[in-house]
Amino acid sequence: MANTQFSDTIHVLVYIAYFKGNKLTSQEIASSLETSPSLVRKIMANLKRSNLLAPTHGPTQLALAKTPAEITLRDIYATLPGQGPLLNVDAHTSQKCPVGKTVPKVLTNYYNEIQAAAEAKMAKITLQDILNDVTLMQRLEDEA
């Protein structure tokens, strides 16, 4: 099963940016994510430690520490606790087989290239880009 930690963290930041200035609770954000408020609080605590979420003056005063245009997906990805590479090689293969012995080494090189390319692309996509798309899609939906 895929890990949704990255998308959930982006979701929390977009939610806070979208409803900027409103009093927000972890329950409201959790409702949007269809998850528990405790998970949202863990995500927000991690974002505060990583300086992407501003220290609050109360439980409902949530704000980004930077503008959405200054926060990239790579910045967000870097905040994930214990986040490893996007793709992982199965290293538990037969060392007696020529394929089993070499495929992990070969894939590691390709996966490193993929990781670097993905992180380079993430560095070009900002939270503002995502917020703009969310706002546009919401407007189009409202007009339909």
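**Helix packing and the nonpolar core in a predicted model**

In helix H1, residues Asp8, Thr9, Val12, Leu13 and Ile16 meet Leu39, Ile43, Met44 and Leu47 of helix H3, where contact means heavy atoms within 4.5 Å. The residues of this contact comprise 7 nonpolar, 1 polar and 1 charged; Ala, Val, Leu, Ile, Met, Phe, Trp, Tyr, Cys and Pro count as nonpolar, Asp, Glu, Lys and Arg as charged, and the others, Gly among them, as polar. The structure is a predicted model, in which local features need pLDDT of at least 70, side-chain atom pairs count only at pLDDT 80 or more, and totals for chains, interfaces and linings use all residues. Residues are numbered from 1 along each chain as its sequence is written, and side-chain values use heavy atoms, with hydrogens and water left out. Helices are DSSP runs (H or I, at least four residues), numbered from the N terminus.

Two packed helices are described by the angle between their axes and the distance between the axes. H1 and H3 pack at an angle of about 80°, and their axes are 10 Å apart. H1 is therefore roughly perpendicular to H3, a term that covers angles of 65 to 115 degrees. The axes are lines fitted to C-alpha atoms over the stretch in contact, and angles run from 0 to 180 degrees between N-to-C directions.

The largest nonpolar core holds 28 residues, of which Phe6, Val12, Ile16, Ile29, Met44, Leu64 and Ile76 touch the most other members. Such a core is a set of buried Ala, Val, Leu, Ile, Met, Phe, Trp, Tyr and Cys residues joined through side-chain atoms within 4.5 Å. Buried means under 20% relative accessible area, exposed over 50%, and partly exposed in between (1.4 Å probe, protein chains only). At least two residues of this core come from each of H1, helix H2 (26–33), H3 (37–49), H4 and helix H6 (127–143). H1 gives the most, with 8 residues.

Leu64 is in contact with Leu13, Ile16, Ala17, Leu52, Leu53, Ala54, Ile71 and Leu127, leaving aside neighbours within four places in sequence. Leu52 counts as buried because its relative accessibility is 2%. With neighbours within four places in sequence again left aside, the contacts of Leu52 include Leu13, Leu47, Leu64, Ile71 and Ile76. Beyond four places in sequence, Ile71 is in contact with Leu52, Leu64, Lys66, Ile76, Ile125, Thr126 and Leu127. Between Ile71 and Gln138, the C-alpha distance is 22 Å and the sequence separation is 67 residues.

Asn46, a residue of helix H3, is buried because its relative accessible area is 11%. Apart from neighbours within four places in sequence, Asn46 is in contact with Thr79, Leu80 and Pro81.

Glu34, placed in the loop between H2 and H3, counts as exposed because its relative accessibility is 73%. Most residues other than glycine have a negative phi. Phi of Glu34, however, is near 55°, a positive value. Asn51, in the loop between H3 and H4, likewise has a positive phi, near 60°, and is exposed with a relative accessible area of 54%. Thr35 is found in the loop between H2 and H3 and, at 29% relative accessibility, counts as partly exposed. Thr35 touches Ala30 and Val40, residues up to four places away in sequence not being counted.

Helix H5 (residues 98–122) has 25 residues and reaches 36 Å from its first C-alpha to its last. This span is close to the expected 36 Å, the expected value being 1.5 Å times one less than the number of residues. The buried residues of H5 are Gly100, Pro104, Gln115 and Met122. Their cover includes helix H1 (5–18) and helix H4 (73–79). In the loop between H4 and H5, Lys96 counts as exposed, at 82% relative accessibility. The C-alpha atoms of Lys96 and Ala69 are 52 Å apart, with 27 residues of separation along the chain.

Notes. Parallel < 35°, antiparallel > 145°, perpendicular 65-115°, else oblique.
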